[in-house]
Amino acid sequence: MNSERKIRVLVAKPGLDGHDRGARVVAYGLRDAGFEVIYTGLRQTPEQIATAAVQEDVDVIGLSVLSGAHLALTRKVIEQLRQQGAADIPILVGGLIPESDKPALKEMGVAGVFTAGTPISSIAAFIRSHVASM
Amino acid sequence: MTMAARTWNDLVGGVRRGEPRPLARLISQVEDRVPGWEQAMKALYPHSGGAQVIGITGPPGAGKSSLTNRITASLVARGHRVGIIAVDPTSPFSGGALLGDRLRMRDVATTPGVFIRSMATRGTLGGLCQSARDVARILTAAGHDIVLIETVGVGHDEIEVVKAAGCVAVVCVPGQGDAVQTLKAGIMEIADVFVVNKVDRDGADAVITDIRAMLALAADKRNETVPVIATCALTGQGIEPLVEALIAPAARAAEVMARHEARVREEILTLVEREIARVVRERWGTNAELDSTVERVCSGELDPYSAAQSVLRSINLKD
Amino acid sequence: MKSQDDLERIACAEEQWKHDVLEPRVKRFQLEKSPTRFYTPTAARDFDFLEKVGFPGQYPFTAGNNPFDFWRAYAEAGAKMGVRPEYGGSGAAGRYSGYGTAEDYRDYLLRMQSLGSRGGPNVAFDLVTQCGYDSDSPFAAGEVGRVGVAVDSFRDFQVIYEAFTGDRDIDRVPSNFTINAPAAVIIAMYAALAEKRGIAPAQLRGTPQNDILKEFIARGTYIYPPRPSMRLFRDTLVFCRKHLPKLNVTSIGGYHIREAGATRVQDLAFSFANGVAYLQAGVDAGLDIDDFAPMFTFNAFGGSMEIYHEIAFQRAARRMWARILRERFGAKDARSMMIRQPITAHIGCTSTTLQRPLNNLARAVVGGIASGMCGGLPAVYPPFDEPLGLGHSLESIQLQMDATRILIFEAKVADVVDPWAGSYFMESLTDETEAAAQAELDKIEAMGGAVAAIENGYMPRAVAKSAYERQRRIENQEDFMVGVNCFMGDNELEVSAQRMVDELYDAAHMATAEERQLAKLAQLRRERNGKAVADGLAALEAHAKDEAVNLMPDLIECVKSGATLQEICDVLRGVFGEAEPVKL
């Protein structure tokens with residue numbers, strides 16, 4: 001890997017949930033871990049998320065949802081990625097995700113679920129190892 | 001074929017066909033200087049002259065991203081295909097960056113014919129300017145006929161970036177103390193259009209007056225024709241006249257040619273400089289010479305100037 | 001108050017003590033400095049009891065709004081009767097709730113009434129409603145009826161209130177609405193409902209949250225930019241004072257601001273910056289301060305585990321607000337100067353952990369003790385399973401209530417009002433908190449006030465930075481969270497709890513809410529008078545363009561005509577524009 005190569009991460013909040021503390025903290029944290037973070041903020045439609053992921057050529061997409069709509073919204077994002085020929089971009093989901101919903105997310109193809117208390121260093125390490133193995 | 005397995009030829013082909021994923025991937029690989037990038041740029045260069053490149057610069061808080069959003073929407077309505085390069089600073093501590101300009105461009109974020117790419121300055125010598133030029137060419141080769149480059153707005157780099165653009169818009173806002181003083185030296189000289197944004201705020205008229213006064217005072221006759229346009233990105237006020245001013249053909253063809261030549265000269269020099277720097281760093285990165293040289297300078301045995309000269313004598317730039 | 005001589009003697013003695021006792025001990029343990037502090041009268045040199053504390057129920061209200069709250073008056077009687085108080089007590093709004101369609105929510109409310117609930121509705125709206133969209137908007141996908149009830153029209157609103165008739169009609173029970181950006185529309189629906197039922201609007205009670213400024217800073221359900229949002233606030237304020245005088249105008253809060261990551265000082269300063277902006281809106285509209293300030297409430301401030309600091313915070317907050325009202329705004333009525341809030345100190349939901357969740361009960365008890373000691377119900381909050389994202393189980397609610405009862409009746413925490421008054425430590429901490437918050441508030445006022453500090457991104461970015469700072473301190477073990485960044489590993493037991501989930505919200509309802517709501521929207525559009533809708537919206541648009549016009553009458557006409565929430569909000573979007581997201 002070229003020494004100039006940077007890992008690019010998309011951090012997005014799909015749906016109408018406005019609680020962006022977690023997304024912001026992760027964005028700052030991944031920046032401080034040396035990644036280039038494309039932070040798209042609140043109220044991202046699945047189409048906007050997929051388009052951004054494609055145009056920005058991100059290595060991973062991070063979704064943050066605290067409204068309980070994570071299953072529906074993740075599903076829609078995956079569908080949009082498929083339509084745009086980008087289903088291979090790994091997705092991480094964070095926020096208020098009940099333990100019981102994690103298997104469903106994994107089954108959809110989500111690469112990792114990171115809930116409250118996860119150190120950002122773990123997320124960064126996970127992303128690095130994921131990118132290295134691709 | 002997965003993205004990982006694509007060759008440069010595949011990517012170049014995809015760019016020429018205007019496909020977003022190959023376009024995005026090629027941009028990354030050129031920005032990362034993945035081996036083979038020069039060949040790709042050579043292949044795309046013949047197709048990369050057709051776009052107007054417009055730079056949008058100004059201090060933080062001026063509303064550059066919101067303006068870019070509005071300008072793009074107007075350009076699309078006029079039938080253009082627009083590429084946008086939005087630049088944010090790389091953290092000198094971590095090497096990472098928070099790229100958040102896209103957030104303000106919702107109206108055009110999924111519009112067909114619009115491609116938005118966020119870029120970090122990545123802090124290398126002349127690096128940003130060159131990357132912006134490369135990416136502008138790639139976007140042009142992909143079929144965009146206008147490329148907007150939105151800069152960071154602090155530090156030295158954004159003036160550099162603006163050298164990649166044929167037309168430069170400088171954005172000011174009222175309420176930033178003396179708005180004209182906050183414009184760095186050099187900006188007044190390169191601006192083709194001045195924009196006073198957030199014109200609904202108090203003090204907007206004063207800013208417009210100040211800029212016009214500065215333009216009148218400056219010796220350059222060119223300044224007489226520099227438009228000063230008031231806008232409000234929130235409501236759309238002033239956007240159409242601004243777009244007209246940005247895409248209008250330059251008044252004097254000779255001057256355009258001279259500026260173009262100057263940019264080409266500067267680009268060649270920058271490419272050479274950057275390559276030299278890269279070779280030196282790579283060479284010194286693969287052996288312990290730098291470490292022993294540093295030790296010798298620290299112990300007083302050698303001075304930094306002699307150290308540099310000995311490196312220059314021993315460089316072999318042949319690939 | 002000690003005399004100058006006494007203070008000097010104490011200061012000397014303190015120096016001697018440091019030399020003889022403290023420093024040797026610090027040295028013995030090879031520390032850089034002592035991990036504890038001890039306060040003497042020198043810490044509160046200029047403490048003037050009457051000026052800084054006074055008496056509960058009198059300016060500056062440091063000790064509390066009254067010598068005892070109504071719940072304390074009836075506490076023993078309530079214990080003997082086994083009363084199960086919902087927050088706020090009987091006759092007030094009931095438990096915060098809402099989900100699904102209006103029909104689902106109405107049926108839930110009726111069920112609660114059959115179980116003994118007597119309060120009015122404390123309505124949670126879904127995000128679609130909170131953001132001014134209809135259930136058929138592309139933005140609504142996956143969100144309809146999820147975090148609250150879906151209200152697309154006046155029809156939906158009326159269906160909810162089918163649960164409140166007879167001796168529970170809206171002239172008897174108050175309603176709380178957690179609604180901000182489209183608060184004016186919901187208030188319009190409330191007024192229209194009264195009209196429809198032949199009830200005088202002057203009888204309506206309750207509290208709309210109506211605190212739009214904090215949305216830009218912390219909660220994210222905004223629609224219009226700050227300035228037109230303040231225009232709408234003014235319209236609700238003026239209209240309510242005139243026509244719905246018993247309705248609280250707003251419920252301001254630092255709660256969300258702190259939960260979003262703000263520091264304690266930022267919480268206080270930003271809340272008051274917002275509060276000042278709202279007060280100024282009333283003054284600018286020509287109202288007398290004492291005519292409307294008593295109808296301002298506070299939702300809650302934020303909280304943390306640092307018990308002493310949260311007590312100091314509440315004391316400082318009360319004193320600061322009273323001073324602002326009296327000295328800056330010239331209020332004369334004591335009720336203008338008081339902070340009316342349902343709870344005082346607490347730990348904040350972000351202090352709870354997903355790991356070993358039963359620990360959250362221990363944590364919440366700390367908050368209860370803090371609140372009992374600073375002029376409030378010793379409320380233990382939140383229930384221990386809050387962070388699990390599954391709703392509150394019956395066990396967690398039972399334990400929460402019992403913990404509160406234990407603090408009231410067994411520990412008797414609230415039997416002394418402001419027990420810390422006069423403590424050298426607490427008085428100096430209160431002063432420090434107030435001074436720091438005032439400095440930050442002055443900074444914001446110098447920028448031009450809350451609206452300016454939102455437009456230039458100052459407040460939202462400050463909160464984001466504080467949130468990140470906190471995360472870094474936790475990851476670096478500069479701050480400790482038990483079970484999260486310390487005391488984990490093989491020797492620790494990951495204690496889990498049996499939960500019986502409170503099946504109050506029917507999952508099947510939530511799954512089909514969206515499609516049922518779409519059917520209702522279609523039916524509404526078929527049945528309503530299209531011309532009346534169009535006329536109403538046109539009048540709204542015309543008046544919206546004139547800043548001087550109060551839009552409430554137009555909004556009432558629009559909701560009565562059957563215009564949907566989004567149709568109304570879209571007209572205003574056209575005139576006001578949409579708020580821009582804040583860049584990090």
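Which domains does the domain assignment give for chain B? The assignment, which is automatic or drawn from a database, gives domain 1 (1–47), domain 2 (48–248) and domain 3 (266–314). The C-alpha centres of domain 1 of chain B and domain 3 of chain B lie 32 Å apart.

This is a predicted model, in which local features need pLDDT of at least 70, side-chain atom pairs count only at pLDDT 80 or more, and totals for chains, interfaces and linings use all residues. Residues are numbered from 1 along each chain as its sequence is written, while chains are lettered from A and ligands numbered from 1 in the order in which they are written.

Between the chains, 29 residues of chain B are in contact with 29 residues of chain A (C-beta atoms, placed from the backbone, within 7 Å). On the chain B side, α2(B) provides the largest share, six residues. Strand β3(B) also pairs with β2 (residues 36–44) of chain A, in the parallel sense over three bridges; pairing requires at least two DSSP bridges. Helices (H or I, at least four residues) and strands (E, at least two) are DSSP runs, numbered from the N terminus.

Within chain A, five of the five residues of β4 (residues 91–95) are buried, that is, 20 or more other C-beta atoms, placed from the backbone, lie within 10 Å of their own. Five bridges join β4(A) to β3 (residues 60–65) of chain A in parallel, and the crossover between them through helix α3(A) is right-handed: with the strands pointing away from the viewer, the path from the first strand over the helix to the second runs clockwise.

How values were computed
Contact = placed C-beta atoms within 7 Å. Buried ≥ 20, exposed ≤ 12 C-beta atoms within 10 Å, placed from the backbone.
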